[in-house]
Amino acid sequence: MGTLYSNTTTENSNCSSNDGNMNLSTPCNSSNIKAFSRVFLPTLYSIVFIVGFIGNGLVLCVLVKFSKRSNMSDVCLFNLALSDLLFLLSLPFWAHYAATTQWMFGSFMCHTVTAFYTLGFYGSIFFMILMTVDRYAAIVHAQTSLFSKHRSVRASIALMLFMWTLSLGASLPNIIWAQVNNKSERCSLEYPEGTKWMLFSYIELNVLSLIVPLSVMVFCYSRIIPILMTMTSQKKHRAVRLMLVLVSVFFLFWTPYNIVIFLKFLQYLGYMSTCEWYQDLTMAMQWVETIAFCHCCINPIIYAFVGQRFRNLFLRIFKEWFPLCFGSYTRVKRELTEIWGSVYSRSPVNTSTGSVEP
């Protein structure tokens, strides 16, 4: 038991489910998997929730505090952090569900938590794409008049609304078909029998969560990096490394998840329909899903805290919240500086030669 997609893979223990063409006469024993899930998933979901909530919460606080200085990148970063927080709000419910193997929050909360989960999921991906395109426009097409129009305040608001609309459109099928099964007390995706909605959901996940964002990132950064390499600025190597890290981290965190989703798609078509494959994919889904979820904890570090400007703003707001800590640190640093300064001033050093006088 876990989130919606892992529920879809674990809800049947006999390998004869309505989400695929698996039809085995021998039941699949999934008791070991369920016992592992009751311990593993709540622990990992809780860690992801705490770390991600703190990191993205700090990003929102800094951006709201210094909103007068915001630009297109900051607006994208704000919505990215908001998407991650929306997604993270669903994890405590999934953690409780995984631990108890029963959905105790009712039908309305099943739809609501599903909405948080899917809106945050797709919103995070779409705003990462938008941030990448914005960097591409800022560097590759910085001199064009079209560029300045796209980065205006009105255009920024329109882009944000468009991205949220796309996220809602991608999430709507899951929100609609999320149902509570009163007999088994499950909150899972219950697609109508005889339809291809499950097939569509697998394809949608692969395309929107890996193929599209990775293609956009590779294309944009392959155009950005050569331009940065021609600049004489000392910061160009840091910028190039950051962009390579962005692509690499996204690829490492999301590729395993999408591979398992693709294998589930093949299982839906009737391939790999043995109990061994069913159990292996069920276990693999729990691992790769958690790894993918950790990306929302990495986002604040990559997109926000790596930048020097954002780090400075973060330190400023942190000093306002905890003046005593920073005040004592500054006082100790000043006292040590005075002590060392007095020591050096009394040292018999010949300033002209730099050597110690006899």
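This is a friendly dialogue on how to read some features of a predicted model.

Biologist: Let us begin with the whole chain. How many helices and strands does the secondary structure come to?

Modeller: The protein chain has 13 helices and four strands. Please keep in mind that the model is predicted, so the values here are computed from that prediction.

Biologist: What share of the residues is buried?

Modeller: Of the 358 residues in the protein chain, 44% are buried. The accessible surface comes to about 18,500 Å², and carbon and sulfur atoms account for 67% of that area.

Biologist: And what do the contacts say about residues at least 24 apart in sequence?

Modeller: Take the contacts between residues at least 6 apart in sequence: 78% of them join residues at least 24 apart. We will meet some pairs of that kind below.

Biologist: Now to the cysteines. Which of them form a disulfide?

Modeller: The general idea is that a disulfide is a covalent bond between the sulfur atoms of two cysteines. In this model the count comes to one disulfide. Cysteine 110 and cysteine 187 form it, with their sulfur atoms 2.0 Å apart. The link is right-handed, with 85° about the S-S bond.

Biologist: Are the two cysteines buried or exposed?

Modeller: Cysteine 110 is buried, at a relative accessible area of 0%. Cysteine 187 is also buried, at 0% relative accessibility. For contrast, look at cysteine 294, which is in no disulfide; its nearest cysteine sulfur belongs to cysteine 297 and is 5.6 Å away. Cysteine 294 counts as partly exposed, at 23% relative accessibility.

Biologist: Helix H5 has come up already. Where is serine 107?

Modeller: Serine 107 is in helix H5, and it is partly exposed, with a relative accessible area of 39%. The C-alpha atoms of serine 107 and asparagine 181 are separated by 9.0 Å, while the two residues are 74 apart along the chain.

Biologist: What about threonine 132: which residues is it in contact with?

Modeller: Threonine 132 is in helix H5 too, and it is buried, at 0% relative accessibility. Setting aside neighbours within four places in sequence, its contacts are Val216, Met217, Cys220 and Tyr221.

Biologist: Next, charged side chains. Which ones meet in a salt bridge?

Modeller: In general, side chains of opposite charge can pair when their charged atoms come close. A search of the whole structure finds one salt bridge. Its partners are arginine 186 and glutamate 190, at 3.4 Å from N to O. Arginine 186 is buried, with a relative accessible area of 10%, whereas glutamate 190 is partly exposed at 22%.

Biologist: Which residues form a nonpolar patch on the surface?

Modeller: The patch is formed by Ile47, Ile50, Val51 and Ile54, which together have about 360 Å² of accessible area. Isoleucine 50 lies in helix H2 (residues 31–65). It is partly exposed, at a relative accessible area of 49%.

Biologist: How far does helix H3 reach from its first C-alpha to its last?

Modeller: Helix H3 (residues 72–88) has 17 residues and reaches 24 Å, close to the 24 Å expected at 1.5 Å a residue. Of those 17 residues, 13 are buried, so the helix is largely enclosed by the rest of the structure.

Biologist: And which residues of H10 are buried?

Modeller: Helix H10 covers residues 275–293 and reaches 27 Å, close to the 27 Å expected for its 19 residues. Its buried residues include Cys275, Tyr278, Leu281, Thr282 and Met285.

Biologist: One last residue, please. What does tyrosine 303 touch?

Modeller: Tyrosine 303 lies in helix H11 (residues 295–305) and counts as buried, at 10% relative accessibility. Not counting residues up to four places away in sequence, it touches Leu77, Leu80, Met128, Met131, Arg135 and Leu246. Tyrosine 303 and valine 59 are 244 residues apart in sequence, and 9.6 Å apart in space from C-alpha to C-alpha.

Definitions and conventions:
Residues numbered from 1 in each chain as written. Predicted model: local features only at pLDDT ≥ 70, side-chain atom pairs only at ≥ 80, totals over all residues. Heavy atoms only, no water. Disulfide = S-S within 2.5 Å. Buried < 20%, exposed > 50% of the residue type's maximum accessible area, 1.4 Å probe, protein only. Salt bridge = Lys/Arg side-chain N within 4 Å of Asp/Glu carboxyl O. Patch = residues over 30% accessible without salt bridge, like charges linked within 9 Å, V, L, I, M, F, W, Y side chains within 5 Å. Areas by Shrake-Rupley, 256 points an atom, 1.4 Å probe, with all protein chains shown as cover. Helix = DSSP H or I, 4+ residues; strand = E, 2+ residues; numbered from the N terminus. Expected span 1.5 Å × (residues − 1). Contact = heavy atoms within 4.5 Å.
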